[in-house]
Amino acid sequence: MSRIHIECEINGDDAEFLCDADESLLDALRDEVGLTGAKEGCGTGDCGACSIILNGNLICACLAFAPEAQGGVIETVEGMADEEQLHPLQTAFLEHAALQCGVCTPGFLIASKSLLERNPDPTETEVRYAIAGNLCRCTGYDKIVRAVLAAAQEMKQNPMKGDRL
Amino acid sequence: MEYSLPQSVEEALSTLNSESNATVFAGATDLIPQLRGGRSEPRLLVDLKNIPSLVDLGFSNGTWKIGAATPVARIKNNAKLTKIFPGLSESSGLIGSDQIQNRASLGGNLCTASPGADTVPSLMVNDALVVIASKTGSRTIPVNEVITGPGTTSLDTGEFIIEFLLEQPPSRTSDAYERFIPRTEMDIAVVDAAARISLDERGHCQEARVAIGAAAPTVIRVPEAEEILHGKKINDEILAEVMEVASTACNPINDKRGTVEYRRQVAGVLVKRVILLAEKRALDKRENK
């Protein structure tokens with residue numbers, strides 16, 4: 001079986017990789033491209049640990065086929081920081097202790113980033129609905145919600161921060 | 001396995017004609033877990049998302065067209081469509097998380113043919129028509145003729161859904177949808193129900209349509225309940241009768257989500273709620289523009 005050659009943009013850079021027809025986009029990102037930020041929690045779209053943004057839409061990378069990335073634009077957690085400068089969401093997660101084991105964190109960061117791009121000033125309820133597709137078994141969610149709300153305020157006051165992606 | 005990305009309905013049909021063991025998909029949110037579980041082993045994956053008519057959503061000549069592969073997030077987020085079909089919009093917004101709603105489609109939800117498919121009761125009460133691509137030409141059938149049992153449809157090998165057609169409802173008409181799960185989000189229906197109510201000038205029920213999901217092998221319409229409501233002013237007495245026939249019309253299973261008795265009872269309660277909500281909405285928009 002011949003492998004499929006995919007060309008796309010990942011975190012602002014041109015990228016290419018080979019994949020099988022039925023390979024998940026998550027496996028391709030992790031095993032072919034070497035971006036291991038997105039995690040496989042459940043492999044069925046329930047946990048959100050593999051959340052990425054494909055062509056502007058938040059999706060579970062485990063529930064997309066790798067060939068669907070052809071010509072597409074992908075954003076993963078690896079693209080959130082600007083060199084040493086963390087994204088305001090990343091800073092807020094650290095400051096609010098919004099992570100413990102960290103496995104779910106890349107998914108929460110990407111889901112939160114997707115939310116703030118669509119809704120820069122969300123209510124607590126809106127934050128909770130926006131991260132409903134992401135499971136965390138450590139924090140109890142409260143600190144994550146507070147971190148996202150704090151990051152939204154920070155980004156409103158310093159709009160330059162976090163606009164890189 | 002091979003992957004194919006046809007650019008037109010014709011190209012997709014000819015691709016499907018060349019390989020009998022092929023699976024079409026849109027969001028793949030049901031397909032990928034099936035492949036992983038070994039429940040499906042196709043030789044060819046046909047991605048329908050590059051065919052313009054399948055990812056379209058719009059209104060013309062009195063009819064709403066929703067492409068079969070259009071992500072349900074676009075239904076939920078379309079303010080105009082949501083105003084006309086609030087129940088359909090709500091059911092679209094209850095399919096999994098944002099991540100899932102950005103991929104899952106009406107075509108996929110219907111063709112997976114789960115008894116608890118979230119969007120199907122709303123499609124049924126709005127008498128949606130389904131346009132099916134077939135090598136002998138396209139054909140249009142009512143949505144309630146698609147699902148034939150749990151996981152099975154009336155579509156032949158090599159056929160797929162192009163789009164859903166929903167006629168603009170008359171004035172003083174609205175729909176509503178309710179799903180019962182033990183939490184507010186991210187679960188599969190124990191029972192769900194949709195209703196669409198048209199009121200006459202006196203506020204009496206001119207036409208009623210009621211559908212129940214997850215309480216029989218397929219989503220069902222409940223014509224007995226619709227008949228009771230016809231021409232009446234909706235009140236507690238009428239609703240008690242409707243709840244009774246709705247519960248009786250169900251043919252549910254016992255499983256971890258609920259017992260037969262429980263599902264019958266919840267079905268009656270949900271039917272009452274969606275009728276009252278649809279009636280209230282119909283009253284609120286007497287001028288349905």
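Biologist: How many residues of domain 1 of chain A are in contact with residues of domain 2 of chain A?

Modeller: This is a predicted model. The domain assignment divides chain A into domain 1 (4-79) and domain 2 (88-157). On the side of domain 2 of chain A, 11 residues take part in the contact, and on the side of domain 1 of chain A the number is 14 residues.

Biologist: What distance separates the centres of domain 1 of chain A and domain 2 of chain A?

Modeller: The centres are taken over C-alpha atoms. For domain 1 and domain 2 of chain A, the separation is 21 Å.

Biologist: In what order do the 5 strands of the open sheet in chain A stand?

Modeller: The pairing in this sheet is mixed. Strand 2 and strand 4 of chain A each have a single partner strand, so they stand at the edges and one side of each is left without a neighbour in the sheet. On average, neighbouring strands are turned by 40° against each other, direction ignored. The order is 2-1-5-3-4.

Biologist: How many bridges join strand 1 of chain A to strand 2 of chain A?

Modeller: Strand 1 (residues 4-10) and strand 2 (residues 13-19) of chain A run antiparallel. Within this pair, A:Ile4 stands opposite A:Cys19, and A:Cys8 has A:Ala15 as its bridge partner. The number of bridges is 7.

Biologist: Which residue in the turn between strand 1 and strand 2 of chain A has a positive phi?

Modeller: These two strands form a hairpin, with 2 residues between them. The phi in question is about 50°, and it belongs to A:Asn11.

Biologist: At what angle does helix 3 of chain A run to strand 3 of chain A?

Modeller: Two helices of chain A may be described here. Helix 1 (residues 25-33) of chain A lies across strand 1 and strand 2 of chain A, and runs at about 100° to strand 2 of chain A. Helix 3 (residues 105-118) of chain A lies across strand 3 and strand 4 of chain A, and its angle to strand 3 of chain A is about 40°.

Biologist: Is helix 2 of chain A parallel or oblique to helix 5 of chain A?

Modeller: Helix 2 (residues 88-95) and helix 5 (residues 142-157) of chain A pack with their axes 8 Å apart, at an angle of about 135°. Angles over 145 degrees would count as roughly antiparallel and 65 to 115 as roughly perpendicular. The angle of the two helices therefore makes helix 2 of chain A, relative to helix 5 of chain A, oblique.

Biologist: How many charged residues has the contact of helix 2 of chain A with helix 5 of chain A?

Modeller: From helix 2 of chain A, A:Pro88, A:Leu89, A:Ala92 and A:Phe93 take part, and they meet residues of helix 5 of chain A including A:Ala147, A:Val148 and A:Glu154. By class, the contact has 9 nonpolar and no polar residues, and the number of charged residues is 1.

Biologist: Which strand of chain A gives the most to the side that touches chain B?

Modeller: In the contact between the chains, 21 residues of chain A meet 20 residues of chain B. The residues on the side of chain A divide into 11 nonpolar, 8 polar and 2 charged. With 4 residues, the element that gives the most is strand 4 (residues 57-60) of chain A.

Biologist: How far apart do the C-alpha centres of domain 1 and domain 2 of chain B lie?

Modeller: The domain assignment of chain B gives domain 1 (56-167) and domain 2 (173-284). Their contact takes 23 residues from domain 1 of chain B and 25 residues from domain 2 of chain B. The distance between the C-alpha centres is 20 Å.

Terms used:
Residues numbered from 1 in each chain as written. Chains lettered and ligands numbered in written order. Predicted model: local features only at pLDDT ≥ 70, side-chain atom pairs only at ≥ 80, totals over all residues. Axes fitted to C-alpha atoms, helices over the stretch in contact; angles between N-to-C directions. Parallel < 35°, antiparallel > 145°, perpendicular 65-115°, else oblique. Contact = placed C-beta atoms within 7 Å. Nonpolar A, V, L, I, M, F, W, Y, C, P; charged D, E, K, R; others polar. Domains from an automatic or database assignment. Pairing = 2+ DSSP bridges.
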